[in-house]
Amino acid sequence: MKYITLGLLLFFTSVIYAQNGQMPTGSLYGKVVDSTTNKGIDAATVQLLQVKKDSSGKTKETVVTGMLTKANGEFNLDGIPVMGRYILEISGIGHASYRKPFQFFDPAKMQKGSKDMSSIMNNLDKDLGNIKLAIDNQTLSNVTVTAAKPAMTLGIDRKVYNVENNLMAAGGTATDLLKNIPAVNVDIDGNVSIRNASPQLFVDGRPTTLTLDQIPSDQIESIEVITNPSAKYDASGGNAGILNIVLKKSKRAGYSGNVRAGIDQRGKWNLGGNINIRQGKFNFFANANYNQRKSISDGVTYRNTIGKDTSVHLLQNDHNVSNGEFMFGRAGFDYFFDNRNTFTLSGIGVKGNFNNNTLSNVLADTVAQGFDAQSKTIRLSDNHFGFKNLGGSFGYVHNFPKSGHQLTADVNYNKSNNSSTSNISDQLFSNSAGQQTGSFQQQQLGSGNNERMTAQTDYTNPLSDNSKLEAGLRLNQAKITSVSDFYHLQNGTMVLQPLLSSQYNYKDQVLAAYGNFSSKIGSNFGYQAGLRVESSNYDGTVHNSVKNNDGSISPASNSFNIKYPVSFFPSIFLSQKLNATQDLQLNYSRRINRPSFFQLFPYTDYSDPLNLSRGNPNLNPEFVNAFELSYSNNFNKKNNLILSAYYKHTTGLITRYSFKDINPLNGDSVIINSFTNANSSFVGGFEAISKNSITPWWDLTSNINVYTSKINVDDPSILTSKQLYSWFGKINNDIKLPKNFTLQLSGDYTSKTVLAPGGSAASPSGGGRGFMGTVSGNAQGFSMPNYGVDAALKYEFLKAKAASITLSVNDIFKTRKSDVYTDAGFYNQHQVRTRDQQFFRINFAYRFGKFDAALFKRKNAKGEQESIQGGMQGMGGQ
């Protein structure tokens with residue numbers, strides 16, 4: 001048995017050593033107090049001794065580090081190698097000595113494995129609490145630190161994927177990275193879905209104004225998929241839960257960082273770097289990235305519009321080129337006021353500009369009784385879109401002496417603005433081979449602001465070894481303004497069209513409080529019960545123009561307000577440990593999905609005649625009751641399986657649909673894509689995720705999701721798709737090759753699927769995809785099967801593999817596409833599009849660092865510690 005334990009220790013340590021090129025280290029801190037008065041003991045001697053055998057086989061104790069406690073009794077020992085057996089020894093004048101064995105790896109727990117090794121690794125600073133010096137010493141339990149970051153871990157309410165070593169997305173964005181996450185589906189336009197629904201995006205546990213395309217993949221440490229969040233989290237995002245992106249930040253003593261650069265097949269390059277420095281009371285971190293992007297998309301659309309006496313058959317071919325750049329910066333610091341209190345201040349900034357040019361060829365054939373007319377339109381769309389996002393956050397953490405007893409508070413503020421200019425020029429022809437008969441030009445100017453603030457405090461108290469209480473308060477507030485002005489060219493001058501222009505102001509505020517209680521009955525059954533209470537209020541004002549009966553145009557204003565003073569969202573999680581490796585979990589939660597800004601915005605975007613989009617200010621939130629049953633089996637350290645069955649029932653489902661309307665300028669009949677609250681819907685399915693070590697050099701992660709859904713709408717004029725059984729599968733291979741090469745190979749397949757309800761719409765501010773726009777969710781349509789394969793090859797070199805070169809290719813066989821069919825009764829449409837097929841990118845990265853607790857200390861800073869450190873070995877970097 002001891003050889004197995006030793007092997008596990010060596011395995012975990014070697015993994016970290018391979019990643020960092022240095023032996024992993026940890027740190028300990030605590031407070032030495034008098035057992036009677038509980039006051040801190042000044043100048044107590046704290047020493048850490050390493051226990052090992054000398055050449056003769058005799059046990060020997062060697063002092064490796066130590067210090068004198070501060071006036072308040074606090075101490076902090078940094079840079080301790082995690083491999084080794086230690087004794088913590090504390091003595092103070094007039095007090096009994098304290099001497100207890102200590103080791104970072106607990107052999108007993110190493111045998112059982114860790115359920116959340118990733119979170120343990122992210123918290124190597126260990127608080128030993130208040131250590132009382134008295135005759136009856138308080139027992140100091142051994143502290144366990146597991147030194148491995150598995151690719152996937154299962155928590156009670158989430159799956160955590162460590163993506164630091166993902167090769168596919170090097171030099172890309174969060175969208176590229178999510179393509180390789182099990183259970184996450186990403187279409188060619190970057191729309192993300194989980195179990196055929198759109199999740200809510202979080203960054204570092206908080207809502208964000210950033211989009212996935214604005215977050216560089218190189219800055220992401222892990223991705224958390226929370227399919228059924230507990231009462232601790234926002235109740236919104238009910239359809240698919242929360243997708244939480246955790247950005248990189250280290251707290252190890254010393255300094256570390258990396259620099260990187262890359263270029264793609266179109267000559268667009270990226271560069272970036274990050275650095276982390278920790279010494280004494282400060283931990284400074286900074287990240288920066290610059291990315292250039294060029295995306296090419298082609299599409300063809302077939303549409304048949306059936307009228308009372310007339311039908312129109314349309315064929316449209318599109319070619320779109322998007323060219324742009326964006327910059328990402330993030331910096332901040334942690335201030336360790338003392339061993340119990342930490343303050344964090346950070347800021348983030350993102351700025352980008354993109355140009356989208358689309359060339360479209362449209363052929364229309366109008367058929368009526370005794371009439372057949374053809375027409376041709378060549379359209380050139382030139383769009384410019386710019387954005388800027390600035391944000392900051394302040395956080396506070398207080399650790400009580402009892403392990404796990406914690407109070408946190410944070411405030412986050414983000415403000416973004418965007419501007420867009422869209423110039424569209426039409427050349428009109430009588431038929432496909434005829435002469436030009438006319439021209440038409442229009443311009444759309446848009447701008448918008450998005451301001452979001454969140455404030456939250458959380459309290460956690462482990463009442464006993466088996467019970468824990470959690471509670472918190474939260475404020476989430478958003479203010480959004482959008483202005484869109486539409487112009488037509490008349491007599492050589494662009495003239496404002498008031499009937500097509502509008503301004504929209506929107507405010508959303510949610511106040512929330514929650515409580516969670518978790519405990520265990522016996523040694524194998526655990527439960528967590530929680531309740532979240534939210535009060536929500538959102539209102540908006542639309543400023544536009546209307547045509548009067550006499551033909552004149554006058555300004556108009558409409559306001560709306562939707563309140564839910566008190567809504568209750570209970571959750572319950574049950575877990576049963578079947579044996580040492582198998583667990584069963586059952587959970588339930590009530591959720592809400594509030595309509596987004598663009599779903600409410602009642603402005604009609606006329607920039608694309610085939611995809612006119614309009615929000616609905618009368619939308620109400622949808623409420624979801626979600627159930628999930630999960631089974632997990634950790635066969636061993638290298639193989640595990642997660643099986644889940646889920647069911648969600650939604651009332652007032654927000655879904656897209658199409659209807660006929662009239663263009664206010666020319667009186668023509670047009671088709672509008674908008675939103676409505678369906679009566680109800682359900683979605684149910686089965687999901688399996690497995691990670692297997694096939695050989696010592698080949699790891700395989702596979703995922704399959706089989707699901708079905710049905711939407712019920714009371715309005716008989718709105719057709720909905722029939723219930724359909726669909727499936728989605730994904731396979732990721734990690735293969736270690738000789739000579740420091742690593743290969744990653746992934747593939748995914750999506751069967752015929754009913755379109756996700758409530759999908760994203762094009763931006764009415766002009767920031768959408770222009771004439772190439774598409775409806776990603778509609779109660780009246782489905783998508784055809786789609787599949788693709790990606791690959792990446794990495795070569796590592798230099799000492800400790802500090803440098804690497806990665807070559808990646810997306811959609812190797814040019815098979816990924818968007819193939820969508822929509823049928824609204826009075827029209828049917830089939831649209832096929834491709835984007836960036838067989839796309840290559842090469843990246844270089846170099847990492848550096850030195851984890852040394854005394855790296856930046858001045859020579860004269862030893863002071864009072866010299867008396868106890870004279871014969872100590874140097875730590876870290878020596």
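Colleague: Which strand does Glu-796 lie in?

Modeller: Glu-796 is in strand β42, residues 786-797; a strand here is a DSSP run of E, at least two residues, numbered from the N terminus. This is a predicted model, in which local features need pLDDT of at least 70 and side-chain atom pairs count only at pLDDT 80 or more, while totals for chains, interfaces and linings use all residues. Residues are numbered from 1 along each chain as its sequence is written, and side-chain values use heavy atoms, with hydrogens and water left out.

Colleague: Why is Glu-796 called buried?

Modeller: Buried means under 20% relative accessible area, exposed over 50% and partly exposed in between, with a 1.4 Å probe and protein chains only. Glu-796 has 16%, so Glu-796 is buried.

Colleague: Which residues is Glu-796 in contact with, leaving aside neighbours within four places in sequence?

Modeller: Asn-740, Thr-742, Lys-801, Ala-803 and Ser-804 are in contact with Glu-796, where contact means heavy atoms within 4.5 Å.

Colleague: What makes Phe-354 and Phe-387 a stacked pair?

Modeller: Rings of Phe, Tyr and Trp (its six-membered ring) pair if their centres lie within 6.5 Å; planes under 30 degrees apart count as stacked, over 60 as edge-to-face and the rest as tilted. The structure holds 28 aromatic pairs. For Phe-354 and Phe-387, the values are 6.3 Å centre to centre and 10° between the planes, so this pair counts as stacked. The pair links distant parts of the chain, with Phe-354 in strand β20 (residues 341-368) and Phe-387 in strand β21 (residues 371-399), 33 residues apart. Both Phe-354 and Phe-387 are buried.

Colleague: How do you know that the charged end of Arg-195 sits over the ring of Tyr-646?

Modeller: A charge sits over a ring if NZ of Lys or CZ of Arg is within 6 Å of the ring centre and within 35 degrees of the ring normal. The charged end of Arg-195 is 4.1 Å from the centre of the Tyr-646 ring and is listed as sitting over that ring. Arg-278 sits likewise over the ring of Phe-336, with its charged end 4.2 Å from the centre.

Colleague: What makes β34 and β35 a pair of strands?

Modeller: Two strands pair if DSSP finds at least two bridges between them. β34 and strand β35 (residues 669-677) have nine bridges, so they pair, in the antiparallel sense.

Notes. Helix = DSSP H or I, 4+ residues; strand = E, 2+ residues; numbered from the N terminus.
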